[in-house]
Amino acid sequence: MTMDKPTMHMLSVQEKGGETRKANQYLAAVAAAIGAVAAGTILGWTSPALPQLEPPKNMSEFAPERDIFELNTTSNVTEILINSLGQQTDLLLDTKESSLVSSVLAIGAAISALPIGVFAQQYGRRPTILILAVPFILSWLLTIFANGAGMLIAARFFAGLATGGICVAAPMYIGEIAETSIRGSLGAFFQLFLTVGILFTFVVGGWTHWRTLSIISAAIPVLLIVVFWWMPETPQYLLGKNRRRDAEKALRWLRGPDADLTTELEDMQKEVDNASRLQGGILHMLTNRAPLMAFICSLGLMFFQQFSGINAVIFYTNQIFASAGSDIPAVIATIIVGVVQTIATYISSLLIERAGRRILLLQSCIIMGLCLIILGTYFKLQEDGANVSSVGWIPLVCLVLFIISFSLGFGPIPWMMMSELFPVEFRGTASGITVITNWMLVFIVTLCFPLMKDAIGIYSCFWFFAGFMIVCVFFVFFLIPETKGKTVSQIQTILGGKA
């Protein structure tokens, strides 16, 4: 392919007679987002699987439990293990083991995020995403063939490595292949496909054995390799490695045959040149205003995403349904939540380029804050013995509103803005640190929430998170820039306080 003569040099990609085609950009974004589906199946897995792996609450009615490892070695023992759902099972976890199975994921994710960011910077976004399919597949194999807690914990650790890595690599890839006008919509794909993966797991897992669920889920990382294999590397990365011809080829595929690439390529080249002049070290990031602000905004968004109490609310779904007086089984309740989340995240991807990021984030913290205050008040009254049965629908309405509001704003946007805010030279490292922070917060909130609940009561927990949402309104209002329709260099100017 010959280099285009830069005749229509001053005109932007849109203005030239040739429109950009968006189909391939959507295709590449969806292909990368299969990684998010894989991560969603990992995140959702414990919800249907753990009840099948835990012993019943009162053991007395069942035969005394034997050591599980002993069972595997002595074949003549025909002891039957019964799980908490009253089903026969070949494997049970005690409380310590099952809490490890739940929490080791976050540790794995926190470990892999930074190395994967650096790897993506060095070797490219495409190979990074493809390589991450390996720990995904490995974790499912370990799960499928697990014969004891050890293998399951190892499986969840590898699952964590893969999930933490994909949280860095996929948003970065999607943010770099999209043109400015659809960058937000495509950026929301990551969270959207994550919720699809979670929903998929709730639906399949609700009615199948955990091993069957794991076999089905193992197909998704395989699909990632098969589909994503054909996608190009991001033009930014290629330019950064002085592969201009390849960058142009990739961009041509992404923007279609008629698009004028000259301006966009030159903008990218400028960005890359600036990047190579600045050393992308942590120190430089913390001493320059623009990258420092990007860093503060990104970490802040991740912090408030976790301290919105989203995990607490989802954790409490079944009790909220129960207090509304509905006898919907837990399985169905979680699926309803999953469906609401997926639909709202999809709506967010449509709104994000129209409404802008700030409005969606602001409605998110305000509505979530109000819902948390009301939920807290309801459960406080209930505990004080007030008769709240007549308004039992209130927590249910709050739950649904909360999840819609989260999914429109604080669900997808922090992931998307992470790849928008950082200049090219910091993107890998900074995304890595941001994702590590996110997972450490997940770990802290998940670990402390049950303890807090017992110590100060569920209503105080809801109020505690509501307090953070009030602070969050000011954070978003005063610090988060509107990035809708702006190029990376324009965003840097705003962050640097020059606009």
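A: Gladly. We start with a term: a residue is called buried when its relative accessible area is under 20%, and exposed when that value is over 50%. Please keep in mind that this is a predicted model.

Q: Which residues of helix H8 are buried?

A: In H8, which covers residues 210-217, the buried residues are Trp 210, Arg 211, Leu 213, Ser 214 and Ser 217. Looking down the axis of H8, you find these buried residues within an arc of 160 degrees, so they line one face of the helix.

Q: What covers the buried residues of H8?

A: The cover includes helices H1 (23-53), H4 (125-144), H5 (149-177), H7 (189-206) and H9 (219-228).

Q: Let me try a single residue. Is Thr 128 buried or exposed?

A: To decide, compare its relative accessible area with the cut-off of 20% for buried. Thr 128 has a value of 1%, so it is buried. You will find this residue in helix H4. Setting aside neighbours within four places in sequence, Thr 128 is in contact with Ile 116, Phe 119, Ala 120 and Ala 169.

Q: Now a loop residue. Where does Phe 410 lie, and what is it in contact with?

A: Phe 410 sits in the loop between helix H19 (393-408) and helix H20 (413-421). Its relative accessibility is 0%, so Phe 410 counts as buried. Leaving out neighbours within four places in sequence, its contacts include Leu 301, Phe 304, Gln 305, Leu 361, Met 368, Cys 472 and Val 476.

Q: How would I read Pro 55 in the same way, and where does it lie?

A: Look in the loop between H1 and helix H2 (68-73). Pro 55 has a relative accessible area of 19%, and because buried means under 20%, Pro 55 counts as buried. Beyond residues up to four places away in sequence, Pro 55 touches Ile 82, Asn 83, Ser 84, Leu 92 and Leu 93. From Pro 55 to Leu 85 there are 30 residues in sequence and 8.4 Å in space, C-alpha to C-alpha.

Q: What about Asn 242: is it buried or exposed?

A: Asn 242 has 69% relative accessibility, so it counts as exposed. This residue is placed in the loop between helix H10 (235-240) and helix H11 (244-255). Check its backbone too: Asn 242 has a positive phi of about 60 degrees, although it is not a glycine.

Q: Let us step back to the whole chain. How many helices and strands does it have?

A: The protein chain has 23 helices and 2 strands. Of its 499 residues, 55% count as buried.

Q: And what is its radius of gyration?

A: The idea is to compare the value with that of a compact globule. For 499 residues such a globule would have a radius near 23 Å, and the protein chain has 24 Å, which agrees. Taken along the principal axes, its C-alpha atoms fill a box of roughly 85 × 55 × 40 Å.

Q: What can I say about contacts and surface?

A: Of the contacts between residues at least 6 apart in sequence, 82% join residues at least 24 apart. The chain exposes about 20,700 Å², and carbon and sulfur atoms supply 68% of that area. As for charge, the mean positions of the 31 positive and 32 negative charges are 9 Å apart.

Terms used:
Residues are numbered from 1 along each chain as its sequence is written. This is a predicted model: local features need pLDDT of at least 70, side-chain atom pairs count only at pLDDT 80 or more; totals for chains, interfaces and linings use all residues. Side-chain values use heavy atoms; hydrogens and water are left out. Helices (H or I, at least four residues) and strands (E, at least two) are DSSP runs, numbered from the N terminus. The radius of gyration is taken over C-alpha atoms; the globule rule is 2.2 Å times the number of residues to the power 0.38. Buried means under 20% relative accessible area, exposed over 50%, partly exposed in between (1.4 Å probe, protein chains only). Contact means heavy atoms within 4.5 Å. Accessible areas come from the Shrake-Rupley method with a 1.4 Å probe; for residues, only the protein chains shown count as cover. Lys and Arg count as positive and Asp and Glu as negative; His and the chain ends are not counted. The place of a charge is taken as NZ of Lys, CZ of Arg, CG of Asp or CD of Glu. The arc is that of the directions from the helix axis to the C-beta atoms.
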